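The sequence and the model are shown below.

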Amino acid sequence: MNVNTDKTRFSKNQQEAFEFLSNMENYRQLMPDDTKSFEMHESGKGFAVQIGNLPKVGMKLKEATAPSQLVFESPSPNFEYYLTIDIEPVDDSNSDVSLNFEGKFNMMIEMMAKGPLTNFINTISTKLGQV
């Protein structure tokens with residue numbers, strides 16, 4: 001299952017955008033309005049979020065390529081998914097950010113999760129444009 005967003009104009013240059021998105025605490029302000037919980041991972045390199053009636057979803061920073069890309073992965077070996085955030089420079093005060101979620105789920109979980117995950121990824125993208 002893949003969910004991709006269009007590029008979102010972010011009012012920070014590429015380096016500033018990378019630093020903002022590397023700070024896990026900043027994701028709190030990018031979460032949907034129906035977020036029930038947001039917990040930082042003890043390492044500071046990830047977070048878990050519960051939205052609406054969905055189970056908690058964890059994101060752990062797998063790799064960071066300054067200043068252009070962050071890759072998150074599932075902290076659980078039971079699920080295989082990745083969120084890649086690409087940051088492209090525009091000018092001295094703006095960058096374009098796109099998100100790509102890729103998950104390998106069985107058909108039943110994919111059918112249940114596709115809509116909520118698509119909304120989740122699109123909300124992060126939309127809120128980036130409002131920061």
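By class, eight nonpolar residues and one polar residue line the largest cavity, and no charged residue is part of that lining. The model is a predicted one.

**The cavity**

One cavity of 30 Å³ or more is present in the structure. The space in the largest cavity comes to about 70 Å³. Its lining consists of Val 49, Gln 50, Ile 51, Leu 54, Pro 55, Val 57, Pro 116, Leu 117 and Phe 120. Two elements give two or more residues to this lining: strand E4, which covers 46–51, and helix H2, which covers 107–128.

The largest pocket holds about 400 Å³ of space. It is lined by 17 residues, and the closest to the pocket's centre are Pro 55, Lys 56, Val 57, Phe 79 and Ile 109. Here the elements that give two or more residues are strand E5 (57–65) and H2. Of these, H2 gives the most to the pocket lining, with five residues. By class, the pocket lining divides into 13 nonpolar residues, three polar residues and one charged residue.

**Strand pairings**

Which strands pair with E7 over five bridges and over eleven bridges? Strand E6 (residues 69–73) pairs with strand E7 (residues 80–91) in the antiparallel sense, over five bridges. Strand E8 (residues 94–104) is joined to E7 by eleven bridges, and these two strands also run antiparallel. Both pairings are set out in the table.

| Strand pair | Bridges | Sense |
|---|---|---|
| E6 and E7 | five bridges | antiparallel |
| E7 and E8 | eleven bridges | antiparallel |

Each pairing can be followed at a single bridge. Glu 73 has Tyr 82 in E7 as its bridge partner. Ile 87 has Val 97 in E8 as its bridge partner.

Both pairs are also hairpins. Six residues lie between E6 and E7 in their hairpin, while the hairpin from E7 to E8 passes through two residues.

Definitions and conventions:
Residues are numbered from 1 along each chain as its sequence is written. This is a predicted model: local features need pLDDT of at least 70, side-chain atom pairs count only at pLDDT 80 or more; totals for chains, interfaces and linings use all residues. Side-chain values use heavy atoms; hydrogens and water are left out. On a 1 Å grid over the protein atoms alone, a cavity is a set of points where a 1.4 Å probe fits but cannot get out, and a pocket is an open set with protein on both sides within 12 Å along at least five of seven lines; lining residues have an atom within 4 Å of a point. Grid points are joined across faces, edges and corners, and a volume is the space filled by probe spheres set on the points. Helices (H or I, at least four residues) and strands (E, at least two) are DSSP runs, numbered from the N terminus. Ala, Val, Leu, Ile, Met, Phe, Trp, Tyr, Cys and Pro count as nonpolar, Asp, Glu, Lys and Arg as charged, and the others, Gly among them, as polar. Two strands pair if DSSP finds at least two bridges between them.
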